[in-house]
Amino acid sequence: MSPTLQDHAELDPTLAEPFPQAALHVLRNPQLRKNVTHAIDVIQAKRAKLVAEKKDWEALRSAASAIRAQALEDLGPYLEQFEDRCTAAGGHVHWASDAAEARQIILDLLRQQNATEAIKIKTMTSAEIQLNPFLESHGVRAFETDLAEIILQLGEGEPSHIVVPALHVNRSQVREIFARRMGLKNLSDDPQALTAAARAYLRQKFLTIPTAISGANFLIAETGSVAIVESEGNGRMCLTLPRTLITLVGIEKALPRFQDLEVMLQVLARSATGERMNPYTSLWTGVTPGDGPQNFHVVLLDNGRSSILARPKHRQTLKCIRCAACINACPVYRQTGGHAYGSVYPGPIGAILTPQLQHMHHAQSLPYASSLCGACYEVCPVKINIPEVLLELRSEVVNQERHQVLRFFDPMYLGLRIANLLFARAWRFHLAQRLGRIGARLFTRKDGWIHSLPSIGGKWTQTRDLRGLPPQTFHEWWAARAGSPAAPVQTPPVHTKEAN
Amino acid sequence: MRASLFITCYNDTLYPETGRAVVALLERLGVELDFHPKQTCCGQMHANTGFRGEAFSQAKRFVQLYRDAEAVVIPSSSCVAMMRDQYPGLFEELGNEQLQRDFAALLPRISELSEFLIDRLGVEDVGSSFPHRVAYHASCHGVRALHLGDRPYRLLAKVRGLEIASIPNGERCCGFGGTFSVKNAEVSSAMLAAKLQDVISTGAEYCTALDNSCLMHLGGAMHRQYAGMKTIHLAEILASTEDSPAEATV
């Protein structure tokens with residue numbers, strides 16, 4: 001098998017396979033799984049170290065959470081304030097209600113500049129609206145400049161992570177892609193050689209293409225500024241060299257005050273890449289005459305966000321600052337990587353964000369792509385209770401599906417409906433236990449264990465055994481003991497010691 | 001002290017030995033235990049799968065049965081987590097004020113087993129003996145929902161003859177997740193394989209936990225793979241004494 005990116009799944013939630021099926025492709029791919037766990041372990045270790053050194057980490061988290069909550073509470077006024085200040089500083093602000101509108105605005109802006117090429121900073125928001133293929137089909141070639149994005153663009157792969165999009169690709173795979181696409185036959189897989197190849201490729205783009213497209217980490221309402229953090233400096237090139245800069249940003253990225261950056265930049269860098277500070281923090285306000293892009297546009301993207309905002313329990317989803325700490329901590333993502341989620345937003349945050357951005361019309365398998373272990377909530381720097389939102393969304397999925405005729409005989413739905421009837425009355429539950437005990441005998445082997453079950457039970461027994469049902473339930477034992485004069489003699493209390 | 005035992009539906013059906021161990025242990029410590037014969041399920045399975053109305057019925061039933069209990073002890077951290085984390089929301093959404101008040105009054109009296117022993121009874125040494133090397137699996141709900149911290153380790157440290165083995169990546173999920181284990185059976189199995197590798201690497205004879213659900217998952221794979229390790233609920237270790245060693249069930 002040649003080490004190419006042949007395993008990338010479709011990341012369009014309207015077309016993607018349900019998570020359990022999509023995950024199968026990855027589970028059978030040892031190289032991909034090794035790449036993912038290796039990369040995750042490296043990031044996790046760095047994050048753990050830098051969070052541990054911050055004695056006031058929990059206070060920082062609380063502050064970050066409060067800042068994001070406040071921003072969302074008054075999002076409308078903050079966005080208007082941003083628009084006013086940005087416009088006053090020479091920028092242009094555009095409002096896009098959905099992906100199609102955002103794509104069209106960006107295309108029109110590019111056409112005004114007669115642009116046929118654009119350089120891009122890594123932006124997952126542009127992937128969300130599938131900007132690159134749209135521009136390509138309208139005669140504009142977008143060149144990614146983030147190292148990971150170059151790897152994916154040249155290798156025709158899809159991002160599998162929101163901070164390190166090519167984390168599923170290893171060094172020798174990168175070498176193969178660069179050698180093939182850049183025509184460098186003798187390229188080694190030495191990181192320096194790979195970086196030098198990327199630099200040579202990029203320099204030519206930076207120096208010749210006068211139009212750039214970026215995302216943004218934060219919009220500052222108070223000043224009308226935009227903030228971008230990155231590690232490579234390639235983003236800085238895109239933000240300073242071109243004549244025209246178009247920034248696409250989700251409306252939820254607003255911060256009320258400039259000083260909020262103090263908290264947000266600390267939690268973001270430590271959570272995302274395990275650094276005290278991001279190597280490159282770019283901040284700009286509108287246009288500065290004679291310095292940097294002179295033609296600056298911000299496209300504010302809704303694309304489902306305002307409907308999330310309108311729902312109190314779901315709103316916390318929008319507090320996300322895209323640090324990916326939840327993704328790195330997730331034991332499910334660890335096994336499947338990102339492509340199985342069928343969205344540019346994978347992992348726990350993707351499992352709650354994607355179906356909501358799709359207005360719950362697609363990606364209904366994602367809220368179930370979690371064991372509810374809570375590791376995501378524990379690390380989230382803005383305290384998004386992801387398990388709580390997952391449960392909200394699961395109940396919405398059930399409400400959608402439960403009245404569908406097809407679901408009536410679905411073993412899961414049937415089983416849970418019956419279980420509810422049984423749990424409503426103890427006698428029913430106890431009768432079911434007795435019947436279950438008789439039924440289970442059919443499947444119980446001589447060793448007392450069940451090795452194979454039919455229907456949905458087979459999903460369990462495909463990799464685990466199940467101990468056969470014991471001859472007596474606990475409540476039967478209790479009743480027999482209470483009713484029997486020869487109840488077990490209680491051993492006298494032992495000497496115990498008070499806890500410290 | 002008087003306490004009411006909520007055994008949970010799956011312990012009642014699948015792991016009665018855990019219930020018997022809780023009874024032996026707490027009675028040995030002088031607790032006057034009762035058992036409500038009408039108890040069934042806390043509603044966790046329905047709530048976690050998205051069947052909110054059904055979960056509400058079961059939650060309401062629980063509160064009605066235990067409203068007057070002096071203390072409720074539950075040998076399952078995920079069921080206690082269900083009550084602490086999800087009941088308030090369910091009652092706010094679907095219940096009335098009376099139910100909310102009843103639950104708010106009941107909640108402080110509900111304990112998971114290790115909480116009950118350490119926080120309520122104030123004991124760590126419960127006089128048990130279990131001369132084996134034991135790995136403690138810190139279940140997700142115990143760690144991240146109930147914040148049990150070192151309680152289970154403090155209890156295990158006082159067991160005669162017991163040698164605690166530490167599981168690498170100990171706070172990572174075993175992949176059970178209730179209906180997740182069948183809805184996403186393959187991913188769940190991959191998580192289980194990774195966890196099992198860590199658990200087996202301890203060289204312990206037993207893997208213990210405060211949740212039989214995780215142990216059913218881990219134990220099911222151990223049995224399938226002839227892994228040479230058994231699972232046992234922490235209550236059974238604590239109930240075990242030199243005179244009356246743990247029941248050799250599994």
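User: How many of the eight residues of α7(B) are buried?

Analyst: A residue is called buried if 20 or more other C-beta atoms, placed from the backbone, lie within 10 Å of its own, exposed if 12 or fewer do, and partly exposed in between. In this predicted model, six of the eight residues of α7(B) are buried, so the helix is largely enclosed by the rest of the structure. They are B:Leu113, B:Ser114, B:Glu115, B:Phe116, B:Leu117 and B:Ile118. Helices are DSSP runs of H or I with at least four residues, strands are runs of E with at least two, and both are numbered from the N terminus. Residues are numbered from 1 along each chain as its sequence is written, and chains are lettered from A and ligands numbered from 1 in the order in which they are written. Local features need pLDDT of at least 70 and side-chain atom pairs count only at pLDDT 80 or more, whereas totals for chains, interfaces and linings use all residues.

User: Which elements do the buried residues of α7(B) pack against?

Analyst: Two residues are in contact if their C-beta atoms, placed from the backbone, lie within 7 Å. The buried residues of α7(B) pack against α2, β3 (72-74), β4 (110-112), α9 (151-157) and α13 (234-239) of chain B. Just after α7(B), B:Gly122 takes a positive phi of about 70°.

User: At what angle do the axes of helix α8 and helix α9 of chain A cross?

Analyst: Two packed helices are described by the angle between their axes and the distance between the axes. The axes of α8 (residues 147-155) and α9 (residues 171-182) of chain A come within 10 Å and cross at roughly 60°, where axes are lines fitted to C-alpha atoms, for helices over the stretch in contact, and angles run from 0 to 180 degrees between N-to-C directions. Angles under 35 degrees count as roughly parallel, over 145 as roughly antiparallel, 65 to 115 as roughly perpendicular and the rest as oblique; α8(A) and α9(A) are therefore oblique to each other. The contact is made by A:Ile151, A:Leu154 and A:Gly155 of α8(A) and A:Val174, A:Ile177 and A:Arg181 of α9(A).

User: Is the phi of A:Arg322 positive or negative, and what is the phi of A:Ala363?

Analyst: Most residues other than glycine have a negative phi. A:Arg322 has a positive phi of about 60° although it is not a glycine, and A:Ala363 likewise has a positive phi of about 60°. A:Arg322 lies in the loop between α13 (305-309) and α14 (325-329) of chain A, and with 19 C-beta neighbours inside 10 Å it counts as partly exposed. A:Ala363 is placed in the loop between α16 (347-357) and α17 (375-379) of chain A, and with 27 such neighbours it counts as buried.
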